[in-house]
Structure formats: structure tokens, C-alpha cells
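Have the model open and follow along.

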Amino acid sequence: MSNAQGQRLLEALLDSWDRNNTILLNLLRILPEGGLEVRAKEDCPSIAELFSHIHFVRLVFISEDAPEFARNLPEKEWAVEPDRDRMAQMLNDSANAVRDAVKSNVETGRDMNLHYDHPILLLQHMLWHEGYHHGQIKVALKLAGHPISDEEAGPVTWGVWMRKK
């Protein structure tokens with residue numbers, strides 16, 4: 001593979017990460033009023049706690065695997081952040097940390113410190129992890145009687161993945 005092909009592939013992978021974060025932010029924005037407090041069951045985390053957990057997990061893996069890109073870890077993994085704008089800012093910050101670490105480590109050929117045989121595997125792990133919680137959030141809303149319709153969710157989720165630039 002030529003260097004130009006490798007760079008194009010890296011940019012496509014980083015674009016998938018950016019799209020994933022956009023979808024997560026879109027989900028945050030289309031939550032109904034009171035949606036952050038919703039839980040699938042009484043003993044399950046709230047939707048606010050799930051978003052905080054996603055942010056926390058991103059930062060933990062960066063601190064362990066690419067500490068030069070680390071940000072300050074929140075005091076609590078399952079925190080409740082009631083301000084959607086603040087949560088969006090936090091998610092953007094942690095998404096940028098993951099993006100920057102993966103991009104730098106791929107371009108420099110540097111291995112991750114603790115986990116993963118290749119930096120792209122960190123990206124793939126985060127995509128899988130966040131997709132899992134995205135599904136949990138939508139199921140919790142449905143169980144609470146606040147489902148997000150396909151007409152509302154489709155353009156801001158699947159539409160983001162499939163849109164050509």
C-alpha cells in the first residue's frame with residue numbers, strides 16, 4: 001500500500017470516528033424533555049450516566065494507552081451531567097483525544113502502551129462500545145414510554161453514516 005493510500009485509509013477511519021461522535025451528539029440532542037433521567041429499570045444507569053460513562057471510558061483508555069493525549073479524568077465514571085451543552089462539550093473533548101491519539105500513533109508507527117495490537121483497534125473498540133450504549137439508551141427511552149421514532153432518529157444516525165461528502 002502506498003503512503004497516499006495509507007493516509008486515505010486513515011482519514012476514512014478517522015471520519016468514521018467523527019461520524020460516530022456526531023451521531024452520539026445527535027442522540028443527546030433529540031432526547032425528549034426529561035430524557036437524561038430515564039432508566040431502563042430502577043437499578044440501571046440513567047441516560048445521563050450512560051453518556052458520562054462513554055466520556056469516561058474514552059479518557060481512561062487514552063490515559064492508559066497514549067498518555068501524552070490524556071485529559072483530566074472526571075471524578076466519577078457514572079456521573080450525572082444535567083446540562084446537555086456541557087455533556088456535548090465533554091464528548092467532543094474526549095472524542096478529539098481519541099482521534100488525536102489514534103492519528104498520531106498510526107502516523108508515527110507508535111504502539112499503544114497497554115492494550116491493543118494496533119491503534120486502530122482502540123478506535124474500533126470505542127465504536128463498538130458506544131454503539132452498545134446507543135442501543136441501551138434507545139431501549140431505555142422505549143421502555144419509559146418515550147421512544148424515538150425511526151423518522152426522527154434515522155436522519156441523525158443512519159443518515160450520518162451513509163452520507164457521502
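The buried residues of α3 (buried being under 20% relative accessible area, with a 1.4 Å probe and protein chains only) pack against α1 (3-30), α2 (47-65) and α4 (119-143). Among these buried residues are M87, L91, V98 and V102. Please keep in mind that this is a predicted model, where local features need pLDDT of at least 70 and side-chain atom pairs count only at pLDDT 80 or more. Residues are numbered from 1 along each chain as its sequence is written, and side-chain values use heavy atoms, leaving out hydrogens and water.

Now look along α3 itself. Its 25 residues, 84-108, reach 36 Å from first C-alpha to last, close to the 36 Å expected at 1.5 Å a residue, a span taken as 1.5 Å times one less than the number of residues.

Turn next to α4. The axes of α3 and α4 (lines fitted to C-alpha atoms over the stretch in contact, with angles from 0 to 180 degrees between N-to-C directions) come within 8 Å and cross at roughly 155°. That makes the two helices, α3 and α4, roughly antiparallel (an angle over 145 degrees). In contact here, meaning heavy atoms within 4.5 Å, V98, V102, N105 and V106 of α3 meet P119, I120, L122, L123 and M126 of α4.

On to α1, whose axis comes within 10 Å of that of α3 and crosses at roughly 170°. So α1 is also roughly antiparallel to α3. Residues of α1 including L10, W17 and L24 take part in this meeting, with M87, L91 and V98 among those from α3.

Note on methods: Helix = DSSP H or I, 4+ residues; strand = E, 2+ residues; numbered from the N terminus. Buried < 20%, exposed > 50% of the residue type's maximum accessible area, 1.4 Å probe, protein only. Parallel < 35°, antiparallel > 145°, perpendicular 65-115°, else oblique.
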